[in-house]
Amino acid sequence: MAVSKFQTNEVFGVSNDTIQTYVQRDKVDHLFIEGLTKNKHIIIYGASKQGKTSLTNKHLSPDQYIRVNCSPNSQPIDIYKSIIRQLNIEFEESKEITTTAGGDTKIGLKASVKIPFIGSVEAAGERGANTAREDKQSFKTIEYNLELSQDISELLRQISFNKRIILENFHYLNEDTQKQLSVDLRIFEDYNILFIILGIWREKNRLGQFNGDLLDRMIEIPVEPWEKDDLKRIIREGEPLLNVSFKNVIDELIETCFDSVGVFQELAKESCIAAGITETSTNIIYITKENIATAIEKKLNDYSSRHIKCIESFVEQKAKSSNETPLYIPYYFIKVLFSQEFEEVTKGLKKKMIQEKIKEIHHRPDDVRPSDMGYFLQTIVSNQIKKNISPPIFDFDISTSTVKIIDSTFYFFLKNCNKEEVEDYIPVPTGL
């Protein structure tokens, strides 16, 4: 009987496809599977490369969902139009409409949408509906405002829509769009149009802060933490597929990844490659500490290039005038971050501590006010997105007044890099 052969990158590593060493966790997978049976939205959140997309890919087939990738410029109407396009719903015509309510002027997109149906339909009594017959296929044409969640819900109900709608990268949306969608989700739930939201953040109840009505209408699934036993199971799943053994180095591998399954998978893959394993081996091969060290160096080089560029972009700030040197809060924040012990960074940095440490080294310490810090921290994600730092590295948890790292590879970078060398790359702002 022939033994199946696998490529190393099919067994270990980070991939858009489900890899062979996906392991199910009761607190995550079971909760997701159970959530799919309920009339509730599902919110999957956590740091980057911690298994959010893999979770949906594992338990949903492509015919069970519509997936929309959010971007910084996406508005609700862009998301709704993408959903309609993916369902191959035909627009007969569209036009912008302007409505005024309470002094507010809003622009929407009203479209005549052709809805297929089986058999004859009595058009009387339906708002704005007409019927026509084309190629032995029956249609009815109805006007919808594609910017209104209720109209979208009615449209989807007309075609008996029963899939989940996955919104990837929800964190890329600006805050106003996130707030509007949080309101719209309440309406969609009334029509049993259910979403799965994937976002990079670590605080609970992110969407509930925008709309309290969602609190009992959504299931939140944090994909972190990854326990040591979970990581060991990944290795146990992969060892026989490649005919390798990590038994002499498994503890070191786990300690090196800092609870990031993405980093762990990449280190496992690179360790195998360092040992000469690119596919299933004929004879069992034992991974050594030297292989782990080679993998760490390889991933540090990979991650360093990106993170140094991101830090340079993060601290960049142009002076609004030549009369006064700006506060340069982002620059000083990075200086404080690099001055802290690694263990303190992993716990999260408190707003009060950050302000105190910045004032100790700032060129205008008396001008660093709580309001300046508040604005900097509350816009820390949106400013990263504006600067194309993707995924964002830092997030601010309002509920605990704590800055948290949400790019799981950054911990690995911070622990293994030469901080003095990295700081040499950081440009000193003009005027300092």
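**View 1. Aromatic pairs in the predicted model.** A search of the whole structure of this predicted model finds 16 aromatic pairs. In one of them, the ring centres of F12 and F246 lie 5.8 Å apart with planes at 80°, so the pair is edge-to-face. This pair links distant parts of the chain, 234 residues apart. F12 sits in the loop between α1 (8-11) and α2 (26-35). F246 sits in the loop between β10 (244-245) and α9 (250-257). F12 is buried, at 0% relative accessible area. F246 is buried too, at 0%.

**View 2. Y80 and F188, an aromatic pair between helices α4 and α6.** The pair is edge-to-face, with 5.5 Å centre to centre and 70° between the planes. Y80 belongs to α4 and F188 to α6 (residues 175-190), 108 residues apart. Y80 counts as buried, because its relative accessibility is 0%, under the 20% cut-off. F188 is buried at 1%.

**View 3. The open sheet of five strands.** The strand order is β2-β7-β8-β1-β9, with parallel pairing. β2 (65-69) and β9 (218-222) are the edge strands. From one strand to the next, the twist averages 15°. Helix α4 (residues 76-86) packs on the sheet and touches β2, β7 (164-168) and β8 (195-199). The direction of α4 makes about 140° with that of β2.

**View 4. Strands β1 and β9.** β1 (residues 41-45) pairs with β9 in the parallel sense over five bridges. I43 has E220 of β9 as its bridge partner.

**View 5. Around R25.** The charged end of R25 sits over the ring of W226, 3.6 Å from its centre. D230, in helix α8 (residues 228-242), touches V23 and R25. D230 is buried, with 12% relative accessible area.

Technical notes:
Residues numbered from 1 in each chain as written. Predicted model: local features only at pLDDT ≥ 70, side-chain atom pairs only at ≥ 80, totals over all residues. Heavy atoms only, no water. Pairing = 2+ DSSP bridges. Helix = DSSP H or I, 4+ residues; strand = E, 2+ residues; numbered from the N terminus. Axes fitted to C-alpha atoms, helices over the stretch in contact; angles between N-to-C directions. Contact = heavy atoms within 4.5 Å. Buried < 20%, exposed > 50% of the residue type's maximum accessible area, 1.4 Å probe, protein only. Phe/Tyr/Trp six-rings, centres within 6.5 Å; stacked < 30°, edge-to-face > 60°. Lys NZ or Arg CZ within 6 Å of the ring centre and 35° of its normal. Lists of a residue's contacts leave out its neighbours within four places in sequence.
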